[in-house]
Structure formats: C-alpha cells, structure tokens
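Q: I am new to this structure. Please walk me through how to read its features.

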Amino acid sequence: MNPDIKICGLKTPEAVDRALERGATHIGFIFFEKSPRYVEPDVAGRLAERARGKAKIVAVTVNPSNDDLDEIVSLVRPDLLQLHGNESPERVLTIKAVYNVSVMKAMAVRTADDLKRVESYIGIADRFLFDAKPPAGSELPGGNGVSFDWSLMSWLDDRVDYMLSGGVNKDNVAEALASTKATGIDLSSALESAPGVKDLNKIDQFFDAFAEACLPEPAAGSRE
C-alpha cells in the first residue's frame, strides 16, 4: 500500500478540495497562534466538513490547555490530535482518555539521541511524526521546511509507526520513501507560495511526483 499523505496547515476551501481531489489521506489544521498557518477552530470546523468521510481530520496543537482542546474537539471533531509540543506520556494518556481520540505525537529530530524519547511513548501514542528540529530563532516547532538525516530512522524498530515531516517535497519524496520505513508523509511549507498560502499548482506537482515515486520497480531483465 502507498504511504499516507497528510497536507497540513490548510486554511481555504480551495486548498482543502484540491488536496482531497489529489488523494490526501489526512487533512491538517494548525491551532498554534504564532504560526502563519493558524486557523480559528470555528473556521477549521467548517473546512473539516469538506473532508469528513474522505480523509482523516488532524488537529495540530502545541502544548494545548484543556480549554483549548475542549474548543477544538467540539468544533472540529478531529479523527486525530497531533501533539507537537513537549507533552509527557502521562499527558498523552490523559488527553486520549478525556477526548476519546487517537493521538499522533510529534518529535523533533537532529541526532540519534533525539529518538531515545520515543521509547516512553510506545503503546501510548497511536502514531508518531518525526520532524526536524527548528532552526535557531524560529518560534515554530514545525513547518520550517528543513529536513534532518533520514538515515537516523533506521534506529527505529517495527513498533514505531510514523509519518515523516520536515523538508519533504516533490524533488525528494522518492528518496524519503526509499530511505525510511515511513508509513506517511507530512507536508506543509513545501506546498506554499508564501508562508501560510497554499499553492494549488505545487499541490499538483507534489502528488504527480509522489505517484511516480510509488510506481513499482521494473522486474529485472524486463524490457522497457
């Protein structure tokens, strides 16, 4: 099966519709006010209805309070909460129990040591998302368009189901899939003409490249 594709940071009906038309399996809305991709929960709720039943709806949060989650879950009704802050395993368990929703725990990676944190979340988070650590001076935990050394993913065992994020684009998606065991790819800034502004042509270009990357290798000795 082809990996999942999550298009994140969506803010307009046109971008949501194009992502769905091209085969996105996950649609992400960002509830971090410092992000140029931030969207109000009521607006996200209306956009989410365009995707409901067609793709999984993901609410991306950073160290959310209970009040934040109350509002987001009520208005957006997400299929998945993405926790992109420093939430502890205990906090993840509490969120899952209170809101009865699956959780994807995001983790920032620069070195192999950063992957050691995964162990305490195995069996607690339903899925992981690995992103590059933000560059110096950035206030955004993700969506910075920078990648990390994907060969580090070889340290993970089969208990870790994860999406790969951080600098994935149309030019390197084939390499990303070939060099990791990622069961999903997450994109945001690579599909933008400006921070927070999704470009429909870039969405098309990415999905064209992704489709090519997923083509089966020709059998040895086969004719072209």
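**Salt bridges and a helix**

A: Start with a pair: Asp157 and Arg159 join their side chains in a salt bridge, 3.0 Å from N to O. A salt bridge is a side-chain nitrogen of Lys or Arg within 4 Å of a carboxyl oxygen of Asp or Glu. This is a predicted model: local features need pLDDT of at least 70, side-chain atom pairs count only at pLDDT 80 or more, and totals for chains, interfaces and linings use all residues. Residues are numbered from 1 along each chain as its sequence is written, and side-chain values use heavy atoms, leaving out hydrogens and water.

Q: How many salt bridges does a search of the whole structure find?
A: The search finds 19. One of them pairs Arg18 with Asp204, with the closest N and O atoms 2.8 Å apart. Arg18 lies in helix α1 and Asp204 in helix α6, so the pair ties together parts 186 residues apart in sequence. Helices (H or I, at least four residues) and strands (E, at least two) are DSSP runs, numbered from the N terminus.

Q: Is Glu87 buried or exposed?
A: Buried means under 20% relative accessible area, exposed over 50%, partly exposed in between (1.4 Å probe, protein chains only). Glu87 is buried, at 4%. Its salt-bridge partner is Lys105, at 3.3 Å from N to O. Lys105 is buried too, at 0%.

Q: Which residues of helix α3 are buried?
A: Leu69, Ile72, Val73 and Val76 are buried. Seen down the axis, the buried residues fall within an arc of 95 degrees (directions from the helix axis to the C-beta atoms), so they line one face of α3. On the other side, Asp67 and Ser74 are exposed.
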